[in-house]
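Subject: Structure handover and notes

Hello,

Here is the structure for your files. My notes on what was found in it follow below.

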Amino acid sequence: NQIYAIPLLDRGKTLCCPAAVYLSCFFGNARSPQNLSALNYLRTIGWTVICIKMSAKLIHLALALSIVHLIVASSDFGLTPFGLIPQHCSSKYEGGVLKAESLAKPGRPCAPAHQRGDMPNGWTAYAQWVSKTPVESFLGNFTVPPVPGDRALQTIFLFTGLQNAMVSGPDADVSIIQPVLQWGKSAAGGGPYWSIASWFVGAQAVYSDLVRVNPGDTVFGNMTRIGNSWFIDAYVPGPSAQHSSITVDVGATELYAFVTLEVYGINTCANFPNGVSVFSGLEIDGGSQTPEWQAQTERECSEAVKIVNPNQVVIKF
């Protein structure tokens, strides 16, 4: 795309616009002398005001898609279901009990999750609950939605999760454990299909092998504390069930429970599936704790959270 500096009326200021987007839509060949003359004419009747308004909307729409494309395509960065992370700070689970502190690589520091910078999109619909005592287990089912209507470069995460803290300052050591349903690409891989994996993400990240699943499947997510470690597992129950799990000593107390829709690269509402994901059989500490879920939305389109009861939450796209 060619970038042009377009004068803003007679104020002597300029705005860099992707002319291939604007001019080719209205005039055909953006670089022809006739079209540049037409642009000068329209400038006198306020066209550039329209251009400014259009640029704000179009750049906002394109930014999420382009940034995520660059991140996923880059060897330096990857997406996790806790935001952006340098690739050297993430790794595939290789078995055994992994200590979170052992993930650090000498000489290659990793910023805590909340210090990685802003990205378009993020958590757009979720339910949260804060326990007064440490959580020992969080189990639940969630359904696999239909495929998105527009299959572009978007990444969609759906998960139950536990965090040790909320983001509260530059020194906060925030981490999350989560069995995750994913559409699109992440640091773990993936593509234009639904898949599941289990994750731990803090300053570093570890993930299990992705397992492909199908629309209409029901995923069972399991986070259970065993001694000092957490067993995190995702699978579709059945005779040929493939578990995707990790065991991590996170070195933290889990107090914050979530049911979450997290997205990146949403450029149009058609990038979402058409339907819902039903989280059911939600059980914390074997039913000894009853969560009082609170719904939160930061909508890109029509996302919504419905709290049916303590054991069921529905996320609508």
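Which residues form a disulfide, and how far apart are their sulfur atoms? Cys-269 and Cys-301 do, with 2.1 Å between the two sulfurs; a disulfide is taken here as a pair of cysteine sulfur atoms within 2.5 Å. A search of the whole structure finds one disulfide. The link of Cys-269 and Cys-301 is left-handed, at -100 degrees about the S-S bond. Cys-269 sits in the loop between strand 17 (256–264) and strand 18 (276–284), and Cys-301 in the loop between strand 19 (294–297) and strand 20 (304–309), so the pair ties together parts that are 32 residues apart in sequence. Strands (E, at least two residues) are DSSP runs, numbered from the N terminus. Cys-269 is partly exposed, at 47% relative accessibility. For that scale, buried means under 20% relative accessible area, exposed over 50%, and partly exposed in between (1.4 Å probe, protein chains only).

Basis and confidence

This is a predicted model: local features need pLDDT of at least 70, side-chain atom pairs count only at pLDDT 80 or more, and totals for chains, interfaces and linings use all residues. Residues are numbered from 1 along each chain as its sequence is written, and side-chain values use heavy atoms, with hydrogens and water left out.

The mean pLDDT (the predictor's confidence in each residue, from 0 to 100) of the protein is 79, and 69% of its residues reach 70 or more. Over residues 1–36 pLDDT stays under 50, and for this stretch the model has 64 contacts beyond four places in sequence. Over residues 41–45 pLDDT also stays under 50, and here the model has six contacts beyond four places in sequence. Contact means heavy atoms within 4.5 Å.

Salt bridges

A salt bridge is a side-chain nitrogen of Lys or Arg within 4 Å of a carboxyl oxygen of Asp or Glu. By this rule the count is three.

- Lys-92 and Asp-209 pair at 3.3 Å, N to O. Lys-92 is in strand 5 and Asp-209 in the loop between strand 12 (205–207) and strand 13 (211–212), 117 residues apart. Lys-92 is partly exposed at 39% relative accessibility, and Asp-209 is partly exposed at 46%.
- Lys-99 and Asp-249 have their closest N and O atoms 3.0 Å apart. Lys-99 lies in strand 6 and Asp-249 in strand 16 (residues 244–249), so this pair ties together parts that are 150 residues apart in sequence. Lys-99 is partly exposed, with a relative accessible area of 41%, whereas Asp-249 is buried at 15%.
- Glu-136 and Arg-225 meet at 3.9 Å, N to O. Glu-136 lies in the loop between strand 7 (122–130) and strand 8 (137–143) and Arg-225 in strand 14 (residues 218–226), so the pair ties together parts that are 89 residues apart in sequence. Glu-136 is partly exposed at 38%, and Arg-225 is partly exposed at 28%.

Tyr-93 lies in the loop between strand 5 (90–92) and strand 6 (98–99). Tyr-93 is buried, with a relative accessible area of 16%. Leaving aside neighbours within four places in sequence, Tyr-93 is in contact with Leu-98, Val-206, Tyr-207, Ser-208, Ser-245, Ile-246 and Thr-247. The side chain of Tyr-93 reaches the backbone nitrogen of Thr-247 at 3.5 Å. This is a polar contact: a pair of N or O atoms within 3.5 Å, where within protein one must be able to donate a hydrogen and the other to accept it, and residues adjacent in sequence count only if both atoms are side-chain atoms. The C-alpha atoms of Tyr-93 and Phe-200 are separated by 9.8 Å, the two residues being 107 apart along the chain.

Asn-164 is found in the loop between strand 9 (155–163) and strand 10 (176–186), and counts as buried at 16% relative accessibility. A polar atom of the Asn-164 side chain lies 2.7 Å from the backbone nitrogen of Ser-175. Not counting residues up to four places away in sequence, Asn-164 touches several residues, among them Asp-173, Val-174, Ala-252 and Tyr-256.

Nonpolar cores

A nonpolar core is a set of buried Ala, Val, Leu, Ile, Met, Phe, Trp, Tyr and Cys residues joined through side-chain atoms within 4.5 Å. The largest has 47 residues, of which Phe-138, Phe-200, Val-259, Leu-261 and Trp-293 touch the most other members. Strand 17 gives the most to this core, with four residues. Apart from it lies another core, of 23 residues, including Ile-176, Ala-197, Val-201 and Ala-205.

Regards
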